[in-house]
Amino acid sequence: MRSISLALGLVLLGAADAAAQNVYFGNLHAHTAYSDGTGTPAEAFAAARSAGLDFLAVTEHNHDKADGSKTRKDGVIIATRPELYAGSRRSLLAASDKSNRSAGFVALYGQEVSTISSGNHINVFDVAEVIRAPNGDVPALLAWSSAHPASSGGSAVMQFNHPRGGVGEKKDYGKDDYATERDWVAALDPHVELIEILNAPALKDGTGFRAHHHEREYFGYLNLGFHLAPSVGHDNHYTNWGRSTD
């Protein structure tokens, strides 16, 4: 999981021989109807593989208001029905496991924690349970993560999602939970390995959309002291996994 997650939406993974390298294409940020998207995890993995992606991470919102509609009453959301994330044949983890039985494609899973202190969202990859931490409480998120390691036995890899213009503002990714900026960076830096420098229009259906660029923000977080690799996420909310942008 970590080798895939740390690499990029355009991933460069070195082989044992430094001269032999492979490029893998994938998406580390996508949703289905198990939070505020459409379709199912099984459909997402199948569509991504069919579209030519080498890997896809389905990262459902973990909170109970992420149902995509003010009128939706079916309760199909991992926050209130955790068996949709793990523990049933329909679950995200079950779909990932089934998709990974075939060679040539890697099906990843995780959750998008929202909203971080009214600031921004963080993807947490490769955790086996629905995250139980109050929205806006980054110390609680980190405590939960420490008590629930990834499948490797180590800490889960995290990603700063769709950074906005206010790098290091008061509520940025939970900064307001810490006394100083240095405390904030020191707490999150060991966990957050990635930041989206490209993010496709999440709430539009179809194909051919131009991605939103966040290179300036990426440099801003590096300058604050974070050690981050750039990543790409489509943030799909429609059944266009692998097709929403080139």
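Colleague: Where does aspartate 235 lie?

Modeller: Aspartate 235 is in the segment after β9 (229–233). Keep in mind that this is a predicted model.

Colleague: Why is aspartate 235 called buried?

Modeller: Its relative accessible area is 6%. Buried means under 20%, so aspartate 235 counts as buried.

Colleague: And what is said about the phi of aspartate 235?

Modeller: That phi is positive, about 60°, although aspartate 235 is not a glycine. Tyrosine 173 also has a positive phi, of about 45°, and tyrosine 173 is not a glycine either.

Colleague: Where is tyrosine 173 found?

Modeller: Look in the loop between β6 (158–160) and α5 (181–188).

Colleague: What makes tyrosine 173 buried?

Modeller: The value for tyrosine 173 is 0% relative accessible area. With the cut-off at under 20%, tyrosine 173 is therefore buried.

Colleague: Back to Asp235. Which residues lie nearest the centre of the second largest pocket?

Modeller: His162, Ala202, Leu203, Asp235 and His237 do, out of a lining of 14 residues. The pocket's volume is about 170 Å³.

Colleague: How many residues of each class are in that lining?

Modeller: The lining of the second largest pocket has 7 polar, 4 nonpolar and 3 charged residues.

Colleague: Let's go to the helices. How do you know that serine 145 is buried?

Modeller: Serine 145 has a relative accessible area of 2%. Under 20% is what the word asks for, so serine 145 is buried. The residue sits in helix α4 (residues 138–147).

Colleague: Which residues is serine 145 in contact with, leaving aside its neighbours within four places in sequence?

Modeller: Ala156 and Met158. Contact here means heavy atoms within 4.5 Å.

Colleague: Why is glutamate 217 called buried?

Modeller: At 8% relative accessible area, and with buried meaning under 20%, glutamate 217 is buried. You'll find glutamate 217 in helix α6 (residues 215–224). Setting aside neighbours within four places in sequence, glutamate 217 is in contact with Pro163, Arg164, Gly165 and Val167.

Colleague: Which residues of helix α3 (residues 92–99) are buried?

Modeller: Leu92, Leu93, Ala95, Ser96 and Ser99 are the buried ones.

Colleague: How do you know that the buried residues of α3 line one face of the helix?

Modeller: Seen down the axis of α3, they fall within an arc of 160°, so they line one face. As background, an α-helix has 3.6 residues a turn, so residues three or four places apart point the same way.

Methods. Residues are numbered from 1 along each chain as its sequence is written. This is a predicted model: local features need pLDDT of at least 70, side-chain atom pairs count only at pLDDT 80 or more; totals for chains, interfaces and linings use all residues. Side-chain values use heavy atoms; hydrogens and water are left out. On a 1 Å grid over the protein atoms alone, a cavity is a set of points where a 1.4 Å probe fits but cannot get out, and a pocket is an open set with protein on both sides within 12 Å along at least five of seven lines; lining residues have an atom within 4 Å of a point. Grid points are joined across faces, edges and corners, and a volume is the space filled by probe spheres set on the points. Ala, Val, Leu, Ile, Met, Phe, Trp, Tyr, Cys and Pro count as nonpolar, Asp, Glu, Lys and Arg as charged, and the others, Gly among them, as polar. Helices (H or I, at least four residues) and strands (E, at least two) are DSSP runs, numbered from the N terminus. Buried means under 20% relative accessible area, exposed over 50%, partly exposed in between (1.4 Å probe, protein chains only). The arc is that of the directions from the helix axis to the C-beta atoms.
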